[in-house]
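Please look through the structure below before reading on.

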Amino acid sequence: LARVFARRLLIATLLTLVAFVAVPAAAYGDPTPPPESFSFYMSTVNQSDLYNLGLTFGEDVASGTYPQLTLVVLDWGSPYCTGSGSGSCGTYIFTSSGTYEGTASERAAAEQFGEGFWVGTGGDTSAHTYLAMGTNNYGSWVGNSTNAYNHGQAWSNMVNDGNTWLSSNGYSSQVSMRGGTDSELDWNGPTPTNDWAKGYESTWRAYFWDYGDAAGCPPFGGCDNGWNQRDVWLQSYGYAPAEPLPEIYNEGQAEEWGNLANYAYEVQSSLMSFLGPMSQHQACADLSSPCTGEDNTPDESWTDLYNALNCSTCDDAQTPPHVTNIRWKLSENMGA
Amino acid sequence: VILNFSRGRPDTGSQRRSRVRAPVATAAFCVALLGGAWLGGALPQGNSSRITVNAARTNGAATPSTLCADEKPGYPQGCDIPADPAPPAAKDQSFSAIPVPATTGPSPDIPAGTVSSELPPPFSSSDYLTVNGWWNQANGLDYDVFAGSLGGDASQGVVVVCKEPALGTTGSGDGSCAAFPTSRPTGALQIEGASAWTLTLQATSGATYSFDVATESYA
C-alpha cells in the first residue's frame, strides 16, 4: 500500500507541475488566428441571389471550408430615410447607380441568406452563423442627429423583425441576426454617429457590431474629426448593444484599438470584449485596388489586433475568437 | 467547487492581472484536487472526497440557455434567443420569394448625372476620404466618381473613378477603381457641379479644377 501511495503521490505531483507550468505555457504561446469568415458589401437585394449565397455558404461550412461558427456582415451602405420618423428607412446600397433600398427589401434578402444557409448545412445542425445587417455613418443626411437616431431605431426594428422571422420559420437554432455599423470617424462627427447608436439602443434586442475605425486616436494623437476615445468607446462598446469588430487593415489601426481597450479599462472601468477584426483583403482584390498599406490578410489583421491587445502593459488581454474578410463579389471565389 | 469565469463586471487591478491566469490556475487546482482524490483511493476506505464541478459560465441573470457566441457580459438579452422558437424547419426546402411591401412615394434613387453626398464610396475613409460623389452611365459601364483626399493626407486632393458593368442591381462586383491625385497638395476636393462628363471641383484651399471623366484626366 505504501508503494502504491508513493507512486501515486509522484504522479500527482507531476500532474500538478504540468498544470502549473505546461498549461500556462500553452496559453501564452504563439497565437494562432482563427479560420476566416467573410462579409459583403451589398449591391443587390435579389432574394434568389441571397438564398443561393447562403446555400453555398452553408454547404461550405458543412464541408469544413469555413468554421462551424461564423460571423458574417452584410454591409448595406449609407443610411437614409424617405420620410420623417423611423417608418420608412433604408440605405443607398453599393451599386454604381445610386440605388436606394428599404429595410423591408434588405431584411427579406438577409432572411433568404439565412434560409439558404439552413438548407445548405444539411445534417450539420451544429453550424451557426451570426448575420449582421450593416450600415455606416457616411453621408450628409445621417450627419443630422435626428435623422441618425431615427435610422438607428429603424435598423434595430429591422433586426428584431428578422430574428422573429428566423425563429417563426424554424431557422433560429442555426441563424441569428445582428445589427452593424461601419462607423468611421472621418465620415461624420461623434454626435450624430452616437445618436444612431442611441436610436438602435432604444428598441434593441440584438447586438450591433461596430466594424468601423478609430482613426487618428492614441497612440497617434487625438482622434480625427472631433472624436475622442470616449466617443469611440461608446460607439463600439459603451452603448448596451454595441460590440467591437473593428477594421484592422494595418498594424496602426490595431494599435488604436489596443489603446482604446486600455482607455476603456482605466477610465471607463470597462473590459471590452472584441469579437475579432475585419480585413478588406478580398475587397481590394475584387476591385483590383492595391489598397497600399491597408491590405492586411485576415491572419495579419487578427495577429495585429491580438498583439495590440496583449502587450506587456495591456489592461484587457484577450484572444479575439473571430476574423472576417469583407468582399465585393457575391458569387465567385466562394470556398476561398 | 464552482468555477465562475464571468467577466460581467470590471475587476480590480490584482484581479485583472490574474484574470487570464485564473482559469488556468483553477484548472490546475482541480487537477491537484482530482489527483488528491485519486491518491486518496490508495488510502483506506472512508477518506474519499467528493467533487462537484459546475463549469457553466454564469453572468447575472443569464442562464446557459441564453448564451450565444457573441454574448456581451452583462447584456445577455442581446442574444435574442426567442422564448418559444418554432421547431426546426425541414432541410429540403427550395427557394420561394418573401413578399415585400411595395414602396410608395417618389424614388429616393440618385439620378444619373447628379452630384450627391449620399452615394456610398466603395472604400474606407482610411483609403480615400470622400467628400461627395457623382455617377453616370455610358457604353455599358457605370461610372462612379468620388472627390476628396487621400485617407492619410488631407492636404492631397484626389478624384477616384470606379467603373463596373452596368448591370443594374445584380451585384456583379466586376468593377475597378483608379485614383487621380491633384498635381499639388491643395486640400480635399469637392464636386461643385457637372456638365456632361466634365466635373468642376474645388479644393479646400480655394483652388478649382476640372476633371474629364471620359478621358480620366484633369483639364
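Does A:Tyr100 count as buried or exposed? The model shown here is predicted, and in it A:Tyr100 has a relative accessibility of 10%. Residues under 20% are classed as buried, so A:Tyr100 counts as buried. A:Tyr80, at a relative accessible area of 21%, is partly exposed.

These two tyrosines belong together. A search of the whole structure, over all chains, finds 31 aromatic pairs. One of them joins A:Tyr80 and A:Tyr100, whose ring centres are 6.0 Å apart. Their planes stand at 80° to each other, and the pair is edge-to-face. A:Tyr80 sits in strand E3 of chain A (residues 78–81), while A:Tyr100 sits in strand E5 of chain A (residues 100–102). The pair therefore ties together parts that lie 20 residues apart in sequence.

In chain A, one aromatic cluster is made up of A:Phe38, A:Phe40, A:Phe57, A:Tyr66, A:Phe113 and A:Phe117.

Next come the nonpolar cores. The largest one contains 104 residues. Within this core, the residues with the most contacts are A:Leu74, A:Trp76, A:Trp209 and A:Val232. What does A:Val232 touch, leaving aside residues up to four places away in sequence? Its contacts are A:Leu185, A:Asp213, A:Ala214, A:Cys217, A:Cys223, A:Trp227, A:Trp257 and A:Leu260. Another core, of 16 residues, lies apart from the largest one; B:Trp134, B:Val159, B:Ala207 and B:Val213 are among its members.

The last stop is an open space. The second largest pocket has a volume of about 520 Å³. Its lining consists of 27 residues, and those nearest its centre are A:Ser88, A:Cys89, A:Gly102, A:Thr103 and B:Thr103. Which elements give two or more residues to this lining? They are E5, helix H3 (103–121) and helix H4 (145–168), which belong to chain A. Strand E5 is also where A:Tyr100 was found.

Note on methods:
Residues are numbered from 1 along each chain as its sequence is written. Chains are lettered from A and ligands numbered from 1 in the order in which they are written. This is a predicted model: local features need pLDDT of at least 70, side-chain atom pairs count only at pLDDT 80 or more; totals for chains, interfaces and linings use all residues. Side-chain values use heavy atoms; hydrogens and water are left out. A nonpolar core is a set of buried Ala, Val, Leu, Ile, Met, Phe, Trp, Tyr and Cys residues joined through side-chain atoms within 4.5 Å. Buried means under 20% relative accessible area, exposed over 50%, partly exposed in between (1.4 Å probe, protein chains only). Contact means heavy atoms within 4.5 Å. Rings of Phe, Tyr and Trp (its six-membered ring) pair if their centres lie within 6.5 Å; planes under 30 degrees apart count as stacked, over 60 as edge-to-face and the rest as tilted. Helices (H or I, at least four residues) and strands (E, at least two) are DSSP runs, numbered from the N terminus. On a 1 Å grid over the protein atoms alone, a cavity is a set of points where a 1.4 Å probe fits but cannot get out, and a pocket is an open set with protein on both sides within 12 Å along at least five of seven lines; lining residues have an atom within 4 Å of a point. Grid points are joined across faces, edges and corners, and a volume is the space filled by probe spheres set on the points.
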